[in-house]
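This briefing concerns charged side chains and their partners. Please look at the sequence and the structure together before reading on.

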Amino acid sequence: YTRGTVTAFAPFDARADAEALRKAMKGMGTDEETVLKILTSRSNAQRQEIASAFKTLFGRDLVDDLKSELTGKFETLMVSLMRPTYIFDAHALKHAIKGAGTNEKVLTEILASRTPAEVRNIKQVYLKEYEANLEDKITGETSGYFQRLLVVLLQANRDPDGRVDEGLVEQDAQVLFRAGELKWGTDEEKFITILGTRSVSHLRRVFDKYMTISGFQIEETIDRETSGDLEKLLLAVVKCIRSVPAYFAETLYYSMKGAGTDDDTLIRVMVSRSEIDLLDIRKEFRKNFAKSLHQMIQKDTSGDYRKALLLLCGGDDE
């Protein structure tokens with residue numbers, strides 16, 4: 001069951017695709033159209049088979065060839081499409097915490113939106129691929145309550161969804177109300193524990209109850225009572241509890257809204273959700289922003305980069 005825009009291509013012939021890609025990149029000039037058409041219409045697993053066939057047939061590395069033949073954002077997008085699914089998030093996190101300055105946006109987006117099973121997988125892959133402990137790396141580069149909430153999310157011990165206990169819902173909502181709106185200064189720890197460990201269905205009820213008790217959406221309180229990276233992470237967690245596709249629709253919208261485009265975010269979300277829930281993201285985008293994701297990409301990007309993104313988007317929602 002997938003709500004992705006990209007699915008396995010049939011009939012699939014890895015060798016024929018490898019040959020077409022080699023032809024597109026051989027000699028003077030590159031036939032970008034062929035490259036983008038093949039790579040956006042194959043599943044990630046199929047792209048890995050193409051890379052393997054490419055090496056078998058020509059003794060060349062497909063990703064290296066893409067890097068040497070393509071440039072700019074288009075190159076980044078094609079290379080991202082070639083990254084094996086299982087390593088995609090671990091790779092993004094590795095680059096978010098390496099070198100000078102940490103990219104908090106990437107840490108927030110990935111750790112707030114992935115399921116506990118996905119987070120456990122990311123940790124294992126990180127250890128295997130980079131011979132380092134992801135939690136150690138993240139704690140070494142972050143601090144304060146922002147760091148603590150990331151560590152809680154990294155434990156991947158959120159309660160599984162089950163029967164919701166209304167008494168506990170009431171209690172959590174009251175605790176959050178007393179920790180935020182009623183307190184001089186905020187008891188961040190209560191927010192971290194409750195938002196980081198309770199089940200999704202429980203928290204959705206807590207948010208409703210919180211509204212009833214306080215007269216505020218929980219987002220409004222977080223906005224008023226916290227700031228900086230912690231605020232962004234708390235808001236991302238709340239939004240993902242409410243709806244992961246709606247969270248990503250908003251993330252995509254703000255990556256393109258206003259002057260300049262945050263291409264890294266645009267590429268990361270389009271690629272990482274293309275086989276999971278991009279259809280749902282498109283639906284939420286249309287509902288919440290009075291235009292379609294397709295229209296916004298069309299308006300905000302250009303060239304082969306735009307063509308490839310529109311193919312990944314997979315259609316317009318009038």
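How many salt bridges does the structure hold? The structure holds 23 salt bridges, a salt bridge being a side-chain nitrogen of Lys or Arg within 4 Å of a carboxyl oxygen of Asp or Glu. Side chains of opposite charge can pair when their charged atoms come close. This is a predicted model, in which local features need pLDDT of at least 70 and side-chain atom pairs count only at pLDDT 80 or more, while totals for chains, interfaces and linings use all residues. Residues are numbered from 1 along each chain as its sequence is written, and side-chain values use heavy atoms, with hydrogens and water left out.

- E33 and K37 form a salt bridge, with N and O 3.1 Å apart.
- Both residues lie in helix α2 (residues 32-40), 4 residues apart, about one turn of the helix; helices are DSSP runs of H or I, at least four residues, numbered from the N terminus.
- E33 is partly exposed because its relative accessibility is 29%, between the limits for buried (under 20% relative accessible area) and exposed (over 50%), using a 1.4 Å probe and protein chains only.

**A pair between distant parts of the chain**
- E109 and R268 form a salt bridge whose closest N and O atoms are 2.7 Å apart.
- The pair links helix α7 (residues 104-113), which holds E109, to helix α17 (residues 263-273), which holds R268, 159 residues apart.
- E109 counts as buried because its relative accessibility is 2%, and R268 is buried at 9%.

**A further pair and a network**
- R273 and D277 form a salt bridge, the closest N and O atoms being 3.0 Å apart.
- Salt bridges with shared partners join E33, K37, D304 and K307 into one network.

Conventions. Helix = DSSP H or I, 4+ residues; strand = E, 2+ residues; numbered from the N terminus.
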